[in-house]
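Reader: I would like to go through this model with you, one question after another. Please look at the sequence and the structure first.

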Amino acid sequence: MADPFDCALDLMRRLPPQNVEENLNKLLSLVHPDLADELLSAIDQPLKLKRCVKTGKEYLICDYNRDGDSYRSPWSNEYDPELPDGTLPPAHLRKLEMAANEAFNTYRELYYGGGVSSVYAFDIEDKFAVVVLIKKVGDGERRMKGAWDSIHVFEVQERGRNAQYKLTSTVMLYMITNNQDLGNLNLSGSMVRQIEQDLPVDDQAAHIANIGKMVEDMELKMRNSLQEVYFGKTKDIVNDLRSLGSLEDSRNQAKIQKELVGRLMDRNK
């Protein structure tokens, strides 16, 4: 018998990412209660925005900056709603977190031209974790809306003058448009990738450079994969259903190519 947990994850991977929260709630009402916590921790949901009460800046919320029903702002390091005994990062990680937020603000402007980013750091046993969140929502121009959510979770193990980085990246993307040229079109999908790297670390600032480089490389690879898998496959299906030129032209082109290949092979004999 198939594992219910694996079946639930497989089902969620096949549903539109913009409806994850709604579909997850429906799924939780069907599965055994013992699976609820596992599913909630395993299934990434689209990021939500909150505004820092103290600084007025926007930040992204998720399980990694939540304590009970309160969320910690990366700008003020305070919880909203107020939580006097909320979990806070130690001083050295808070310093790293603040510098990383400034660095990824610059990264986000360079690559996204807008949106919101947040970085959180916290201890986990003999290691520490860094979570990089980025969200960009389409502005609705040309009757098109969409969103990009990326979640990068690092586990960092320091080993002398080196550090081991275990990165798990999730990207959720959707685009919806409805106009005379394209009709009603909905392209959406999600992708998860993992990678491990050992990199040199001279000081705390080196962690930011290493994490930034890994995020940059991973997002580029995942963006290209999404473009190839979703947009490329859609183009192939459309071309199979309705070609741009006539079938007669396609047959003539294929015939010419076959003749050229045959002549080249004869020359090489």
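Reader: In which strand does Q164 lie?

Author: This is a predicted model, in which local features need pLDDT of at least 70 and side-chain atom pairs count only at pLDDT 80 or more, while totals for chains, interfaces and linings use all residues. Residues are numbered from 1 along each chain as its sequence is written, and side-chain values use heavy atoms, with hydrogens and water left out. Helices (H or I, at least four residues) and strands (E, at least two) are DSSP runs numbered from the N terminus, and by that assignment Q164 lies in strand β9.

Reader: Is Q164 buried or exposed, and which side chain makes a polar contact with the side chain of Q164?

Author: Buried means under 20% relative accessible area, exposed over 50%, and partly exposed in between, with a 1.4 Å probe and protein chains only. Q164 has 14% relative accessibility and therefore counts as buried. A polar contact is a pair of N or O atoms within 3.5 Å, where within protein one must be able to donate a hydrogen and the other to accept it, and residues adjacent in sequence count only if both atoms are side-chain atoms. At 3.4 Å, the side chain in polar contact with that of Q164 belongs to R159.

Reader: How many bridges join strand β8 to strand β9?

Author: Two strands pair if DSSP finds at least two bridges between them. Strand β8 covers residues 144–159 and strand β9 covers residues 162–179, and the two run antiparallel. The number of bridges joining β8 to β9 is 16.

Reader: Which strands stand at the edges of the open sheet of 5 strands, and why is one side of each left without a neighbour?

Author: The sheet has the order β6-β7-β8-β9-β10, with antiparallel pairing. One side of each edge strand is left without a neighbour in the sheet because each has a single partner strand, and these edge strands are β6 and β10 (183–200).

Reader: What angle does the direction of helix α4 make with that of β6?

Author: Contact means heavy atoms within 4.5 Å, and helix α4 (residues 91–112) packs on the sheet, touching β6, β7 and β8. Axes are lines fitted to C-alpha atoms, for helices over the stretch in contact, and angles run from 0 to 180 degrees between N-to-C directions. Between the directions of α4 and β6 the angle is about 150°.

Reader: Which side chains make polar contacts with that of S117?

Author: S117 is placed in strand β6 and, with 3% relative accessibility, counts as buried. Leaving aside neighbours within four places in sequence, the residues in contact with S117 include L60, W75, F104 and L133. A polar contact of 3.4 Å joins the side chain of S117 to that of N105, and another of 3.4 Å joins the side chain of S117 to that of R108.

Reader: What is the phi of E125, in the turn between β6 and β7?

Author: Strands β6 (residues 116–124) and β7 (residues 127–137) pair in the antiparallel sense over 9 bridges, and they form a hairpin with 2 residues between them. E125 has 79% relative accessibility and counts as exposed. Most residues other than glycine have a negative phi. In E125, phi is positive, at about 55°.

Reader: Where is P81 found, and what is the omega of the peptide bond from D80 to P81?

Author: P81 is found in the loop between β5 and α4. Most peptide bonds are trans. The bond from D80 to P81 is cis, with omega near -5°.

Reader: How are α1 and α2 oriented to each other?

Author: Helix α1 (residues 4–13) holds P4, and α1 packs against helix α2 (residues 20–28) at an angle of about 150°, with their axes 11 Å apart. Among the residues that meet are A8 and L11 in α1, and V20 and L24 in α2. Angles under 35 degrees count as roughly parallel, over 145 as roughly antiparallel, 65 to 115 as roughly perpendicular and the rest as oblique. The relation of α1 and α2 is therefore roughly antiparallel.
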